Amino acid sequence: MGSIPDPGELTELTRPSFDEFQRQTSLMTSCTLLWKELSDHFTSLEQNLQKKSEALKHKIQTLDNQTKASLASLKKREVTIDGSVEIALERVEEHRELALKSLSDPDYENPDGEVDDGDGSFMVLKSLCLTMESRDFWNFVITKKKEIEILRKQIPLALAECVDPAKFVIEAISEVFPVDKRGERSGEKGNDLGWACVLILESLIPVVVDPVIGKSRLLVTPSVKERAKEIAETWKKSLEERGGIENVKTPDVHTFLQHLVTFGIVKKDDVDLYRKLVVGSAWRKQMPKLAVSLGLGDKMPDMIEELISRGQQLDAVHFTYEVGLVDKFPPVPLLKAFLKDAKKAAASVLEDPENTGRAAHLAARKEQSALRAVIKCVEDYKLEARFPPENLKKRLEQLEKAKTEKKRPAAVPANKRTRASNGGPMPPAKAGRLTNAYVSSFPAPPTFVRSPSHTQYPTGVPAYPSPPAVYGSRSPPSPYAYSPEAAAPIAGSYPVAPLNYPAYGGYGNGFAPAYQQAYYR
């Protein structure tokens, strides 16, 4: 057996090789890199956990604040119910008394000393609202489309006089919403009354808001609110009969959406339907605000992208400003893209073989419309520094100037009348257009022209057609019809009449005698 070496006994150390040293070095380097990688990984995990923890804390804090705000709002609503109801009852009682007085005394009007605007429209509206005559109210409003801005101020004041304004509005617009009861007349041009429905529904909002806590609570009775819901369901069912959302007119869509907002009957289950309707009618200026009121705020980015993809960059700009997404969707590039698309559309109109006669007019009008819309958008949102409108205005002026010049009548060049080959005078310029006018290249001898003093031609002379039809024209005398050359005598022609030959006196031609005598010389 080999003996075990004594630990205390000195032995000769084995000299390490260089390869072993390199192996150890490589191993240490790998361990160091692995340690650093693991350290970075755990640091990243720690940072992510910290961020998520802070986000959760922020959400919890936000939920706590929202809960406190909701509880405070509920408490305020509960506390203010009695006060709001009392105010509403007092108002109803006051309006009932006024309505009874108005019905019993036809001359009873303007008890508060209100000043009308001069045409008496406010007093008519107020009287109709007091007596709850919804049909007459509707018929009166639809005749005042040209005065829509005045009505926008007057109708809310008039609706405030109603005993039940919400019910009154539903009855007023019932002729055309949710179903148009006018039959075939509804499809005729100029018979679209959606503007009146929207105007009346918008005017109802300030009337039914809670006088204490505002728009968060609408003073609409349960029965009226239930009726409003039934109307909304009826309109939705009629979509299939009309051929789907794509075939519904924009005024009808606007009326429906405004109806939902006015009566506070927006349903979360119908958000997708609202989104499609809003995007389909996005060019209406009220649509951005309606979209927010319908609860589409969180869907706005997708809606804006859809509008951009459909070439409605201008509408997308309005939506971005309404919801504060200007940083995500800068307006200036969108407006430039809109103008570029408008120019392409105008060029395509010029190339359309079906509109060869009106192509230039249609293309110019399309470009003008786009320029005006962009200029107004730039001015409304104060974008002059980022998108100066001077060049747009110059281009618009050029198009309008070209349009004006095309409308001007072309200058008719003077028709230089030339003598016939034999040197005789040509007939007046309008002779060819007059009935029974005789046009000849031979000179008409003035010796044989009938005058008031001669009842017939001399014997043996063939009758010449008389020219009074020519001279009976009321057109101003042409300077070329009676030139001095035409009046000069020609050798070999008929005898010339004496200088004192009587001029025409009974043909009512309105020419000065000097012209007539010059012709007979």
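Tutor: Happy to! This is a predicted model, in which local features need pLDDT of at least 70 and side-chain atom pairs count only at pLDDT 80 or more, while totals for chains, interfaces and linings use all residues. Residues are numbered from 1 along each chain as its sequence is written, and side-chain values use heavy atoms, with hydrogens and water left out.

Student: How many helices and strands are in the protein?
Tutor: Helices (H or I, at least four residues) and strands (E, at least two) are DSSP runs, numbered from the N terminus. On that basis the protein has 18 helices and two strands.

Student: What percentage of the residues in the protein is buried?
Tutor: Buried means under 20% relative accessible area, exposed means over 50%, and partly exposed is in between (1.4 Å probe, protein chains only). Of the 521 residues in the protein, the buried share is 32%.

Student: At what angle do H3 and H5 pack?
Tutor: H3 covers residues 134-141 and H5 covers residues 165-172, and their axes are 8 Å apart. Axes are lines fitted to C-alpha atoms, for helices over the stretch in contact, and angles run from 0 to 180 degrees between N-to-C directions. The packing angle is about 60°.

Student: Which residues of H3 and H5 make the contact?
Tutor: Contact means heavy atoms within 4.5 Å. By class, this contact has four nonpolar, one polar and one charged residues; Ala, Val, Leu, Ile, Met, Phe, Trp, Tyr, Cys and Pro count as nonpolar, Asp, Glu, Lys and Arg as charged, and the others, Gly among them, as polar. The residues are Ser-134, Phe-137 and Trp-138 of H3 and Phe-168, Glu-171 and Ala-172 of H5.

Student: How many residues of H8 are buried, and what covers them?
Tutor: H8 (residues 250-263) has 14 residues and reaches 20 Å from its first C-alpha to its last, close to the expected 20 Å; the expected span is 1.5 Å times one less than the number of residues. Twelve of the 14 residues are buried, so H8 is largely enclosed by the rest of the structure. Among them are Val-253, His-254, Phe-256 and Leu-257. What covers the buried residues includes H5, H6, E2, H7, H9 and H10.

Student: Why is H6 described as largely enclosed?
Tutor: The end C-alpha atoms of H6 are 21 Å apart, which agrees with the 21 Å that its 15 residues should span at 1.5 Å a residue. Its buried residues include Trp-195, Leu-199 and Val-207. H6 is largely enclosed because the number of its 15 residues that are buried is twelve.

Student: Which side chain makes a polar contact with that of Asp-270?
Tutor: Asp-270 lies in the loop between H8 and H9 and is buried, with a relative accessible area of 14%. A polar contact is a pair of N or O atoms within 3.5 Å; within protein, one must be able to donate a hydrogen and the other to accept it, and residues adjacent in sequence count only if both atoms are side-chain atoms. At 2.5 Å, the partner of Asp-270 is Lys-236.

Student: How far apart in space are Leu-273 and Lys-236?
Tutor: Leu-273 is found in H9 and is buried at 17% relative accessible area. Leaving aside neighbours within four places in sequence, Leu-273 is in contact with Lys-236, Leu-239 and Ile-245. Leu-273 and Lys-236 are 37 residues apart in sequence, and their C-alpha to C-alpha distance is 9.5 Å.

Student: Is Gln-312 buried or exposed?
Tutor: Gln-312 sits in the loop between H11 and H12. Its side chain makes a polar contact of 2.9 Å with the side chain of Asp-315. Leaving aside neighbours within four places in sequence, Gln-312 is in contact with Val-279, Ala-282 and Leu-307. With a relative accessibility of 17%, Gln-312 counts as buried.

Student: What is the phi of Lys-382?
Tutor: Lys-382 is in the loop between H14 and H15 and counts as exposed at 65% relative accessibility. Its phi is positive in a residue other than glycine, near 55°.

Student: Which peptide bond is cis, with omega near 10°?
Tutor: Look in the loop between H5 and H6, where Pro-178 lies. The cis bond runs from Phe-177 to Pro-178.
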